[in-house]
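Please take a moment to look over the sequence and the model together before reading on. The paragraphs below are meant to be followed with both in view.

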Amino acid sequence: MHVHFLDPYRPGHSSIHQLDARVKFILTLAFILTTALTPIGAWPIYILLLAWAIIVEILSELGVGFVLRRAVLALPFVLAALPVIFTVPGAALLSLSIGPWALTITLPGAERFISIALKSWISVQMAIVLAATTSFPDLLTAMRAIKVPRLLVAVFGLMWRYLFVLVDEALRLMRARLSRSGESDREDLKSGGALIWRAKVAGGMAGSLFLRALERSDRIYMTMLARGYDGEVRAAPLPPLSRRDWLTLWLCLGLLFAILVGAALF
Amino acid sequence: MLLSPFLSPQPMHIPDGFLSPLVSILLWVFSVLAIAYSLKRVNEDLGERQVPLMGVLAAAIFAGQMLNFTVAGGTSGHLMGAAIATILLGPWAAILVMTTVVGVQALIFQDGGLLALGANIFNMGVIGVATSYFVNRTIRRIAGERRWGVFLGGFLAAWVSIVLAALAVALQLSLSRTSPANIAIPAMAGIHALIGFGEGLITIGALALIYAARPDLLLSSKQRAVGGNALWVSGLAIALALAIASPLASSQPDGLEWVAEQQGFLDTARGPFYEIIPDYIFPGISNQAIATILAGVLGTLMVFGVSFAVAYSRRKRRLNEVRQSR
């Protein structure tokens, strides 16, 4: 498969890399579900979950720093939750006055915000480990194992196969635009046209990208027909899980369940 | 600073941790139902050509989201792609294509969460496509096979799909008590009204190129048969539901909870419960909320009225011209 700067998969031989993709996939989902079900302000549970995530990161030999850096990049959405620190009613923690407004940070508000941020941060770390230690074809196998319809899996697979081709196509379009665009320091020379014009140029690029994609899909269909495609998506049967995989699966699911019980008691 | 999450390139992908488990799972159920039905329809409509077509188009939408144009002050316009996918492929294939795009973004690039993926597919795939279809179909039906219908339909479909998907995100966040409705809804709606404008302009540009090169893709009657009236009605229903729920919810920080309370309250309005609501809250807010809804409904009706009137007058004039030329 074509190696591309976009592909987050990092080949390796760690125990996490060697774990079956289906087990990893199910455990990642179970972990994220457990995190979501943990109530607001259950700090000990968060620490447990974070410790779990960091253990997995160490076992995966990706480097904890690598995962944490990527996890931070995925987090700007947290600011969407920021207003809750002011709006959840409760004991005042801190009052800020900015001009005519007085903003009061409440204790339950701050608790809720930090909880949301932590949960999101812990969840995204696990998703990063999954994507970085599992190749896409293995993820497709995992999707088949959890009964995603075969047709949809096939569309996912084809999309992945041509994603980099089309991203390259888009990059070529952008390079072409860049090479035809100029900028000058002279004040009487304005660079670029009006907003509408710029949008039209970008739209034209998108349009030609879609047309090329349509034509490419025609050619791909022809080559598929030439190789005997009859509309039926076939795949080899899933290989059985090894004993070690089963053991890991049930052990981790049990642990997650125990954490969940702990969270409920908390 | 507060607005930056809404201005980031893909401001609509909800990460994990932001939705309550109930909301996430409910939206997963809706999305799975929509995907299952779309798979069935696509099987009937496209036949064996579907896999290469949808796969490559999904890759193109993903790549197309990289194409941007600068707006002002470091912000730029991007493409989400639900509208253009709906116009090019028909609604059922578009739902699957958007599902694939959003799915790969979550699985591989952590753009949006895995548990939240159901919600993201619902917002960008189902809501984006259904409302695009409804708007585009309506305009195209009015315009007939004329050129302006293609562009006006494309622009409005793009704008409406972006704004309504953003409203859905805000409602889901406030339903999960992650972001107060009275801040999230106006912020998301306001910013996406602008972002949707960019989406609309790019969509027009793309449609203009496709219209020049392959008009058969846009003028074929294939699209009409594919969606059907049920989808048109669901598009309208989703649009109306979001347009009505949003102002209602945004009048209170508790948003939908407040609305639910209000609904329950309305049933027992003459009961003793009345006294629990302090006087100074109920009349003012209730009037304000109802006023907002009325304004929203009136505005929608007026916009539709004006566009219908303009469209019909154009059609009449055209007919007259045709008659005179004969």
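Predicted model: local features only at pLDDT ≥ 70, side-chain atom pairs only at ≥ 80, totals over all residues.

Residues are numbered from 1 along each chain as its sequence is written, chains are lettered from A and ligands numbered from 1 in the order in which they are written, and side-chain values use heavy atoms, with hydrogens and water left out.

In chain B, helix α5 (residues 91-109) has 19 residues and reaches 26 Å from its first C-alpha to its last, close to the 27 Å expected at 1.5 Å a residue, where the expected span is 1.5 Å times one less than the number of residues. Helices here are DSSP runs (H or I, at least four residues), numbered from the N terminus. Of the 19 residues in α5(B), 19 are buried, buried meaning under 20% relative accessible area, exposed over 50%, and partly exposed in between (1.4 Å probe, protein chains only). The helix is followed by Gln110(B), whose phi is positive, near 55 degrees. Helix α4 (residues 82-89) of chain B holds Ala83(B), which is buried with a relative accessible area of 0%. Not counting residues up to four places away in sequence, Ala83(B) touches Ser132(B), Ala157(B), Ala158(B) and Ser161(B).

Most residues other than glycine have a negative phi. Glu61(A), although not a glycine, has a positive phi of about 55 degrees; this residue is found in the loop between α3 (43-59) and α4 (64-73) of chain A, and at 62% relative accessibility Glu61(A) counts as exposed. Lys147(A), in the loop between α7 (136-145) and α8 (150-179) of chain A, likewise has a positive phi, of about 70 degrees, and is exposed at 70% relative accessibility.

Over all chains, 8 salt bridges are found, each being a side-chain nitrogen of Lys or Arg within 4 Å of a carboxyl oxygen of Asp or Glu. Asp20(A) and Arg22(A), both buried, form one of them, with their closest N and O atoms 2.9 Å apart. Another joins Glu169(A) and Arg216(A) at 3.5 Å, N to O; Glu169(A) lies in helix α8 and Arg216(A) in helix α9 (residues 195-226) of chain A, so this pair ties together parts that are 47 residues apart in sequence. Glu169(A) is buried, with a relative accessible area of 7%. In chain B, the side chains of Glu44(B) and Lys40(B) meet in a salt bridge at 3.9 Å, N to O, and because they are 4 residues apart in helix α2 (residues 21-46), about one helical turn separates them. Glu44(B) is exposed at 53%, whereas Lys40(B), at 47%, counts as partly exposed. Salt bridges that share partners also join Glu169(A), Arg172(A), Arg212(A) and Arg216(A) into one network.

How values were computed: Helix = DSSP H or I, 4+ residues; strand = E, 2+ residues; numbered from the N terminus. Contact = heavy atoms within 4.5 Å.
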